[in-house]
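I opened this model to look up its aromatic rings. The entries below follow the order of the search.

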Amino acid sequence: QVHLVESGGGLVQAGGSPRVSCVASGRTISRSSMGWFRQAPGKARELVAVISGGGATTYTAQSVKGRFTTPRDNAKNTVSLQVNSLEAKGRSVYYCAAEPMVIERRPRADYWGQGDQVTVSS
């Protein structure tokens, strides 16, 4: 069983680069595929990126292609998401997940974090 906890979100200025981290406990996630999802108020949860156990990105949403990084630190059992030059104002909740999938347009995963909010302001 894996427990996932996100942190690092908060208020960022437009054009900033928020970084959200996900720390796992219970067992190692070094060999797990990890995913990042985000959800804005009134909108569906969307898949942002999937990172393999080896650290390679296996999926990237069109909205963040070319301007994000997903570093993994296996020694700390942690995976992070940083989106560079984020301009869209408003708030979104970012979720990390272990072994993510999208089935019939619904996000699924073996384990979910509780989510961490990022708000972009001018």
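I counted rings of Phe, Tyr and Trp (its six-membered ring) as a pair if their centres lie within 6.5 Å; planes under 30 degrees apart are stacked, over 60 edge-to-face, and the rest tilted. On that rule I found two aromatic pairs.

The model is predicted, so I noted the limits: local features need pLDDT of at least 70, side-chain atom pairs count only at pLDDT 80 or more, and totals for chains, interfaces and linings use all residues. Residues are numbered from 1 along each chain as its sequence is written, and side-chain values use heavy atoms, with hydrogens and water left out.

I looked up Phe37 and Trp112: the ring centres are 4.9 Å apart and the planes at 50°, so this pair is tilted. Phe37 is in strand β4 (residues 34-39) and Trp112 in strand β13 (residues 111-112), 75 residues apart. Strands here are DSSP runs (E, at least two residues), numbered from the N terminus.

I then checked Tyr95 and Trp112: with centres 6.4 Å apart and planes at 90°, the pair is edge-to-face. Tyr95 belongs to strand β10 (residues 90-98), so this pair ties together parts 17 residues apart in sequence. I noted Phe37, Tyr95 and Trp112 as one aromatic cluster.

Which of these are buried, and which partly exposed? Buried means under 20% relative accessible area, exposed over 50%, partly exposed in between (1.4 Å probe, protein chains only). Phe37 is buried at 0%, and Tyr95 is buried at 12%. Trp112 is partly exposed at 29%.

Note on methods:
Helices (H or I, at least four residues) and strands (E, at least two) are DSSP runs, numbered from the N terminus.
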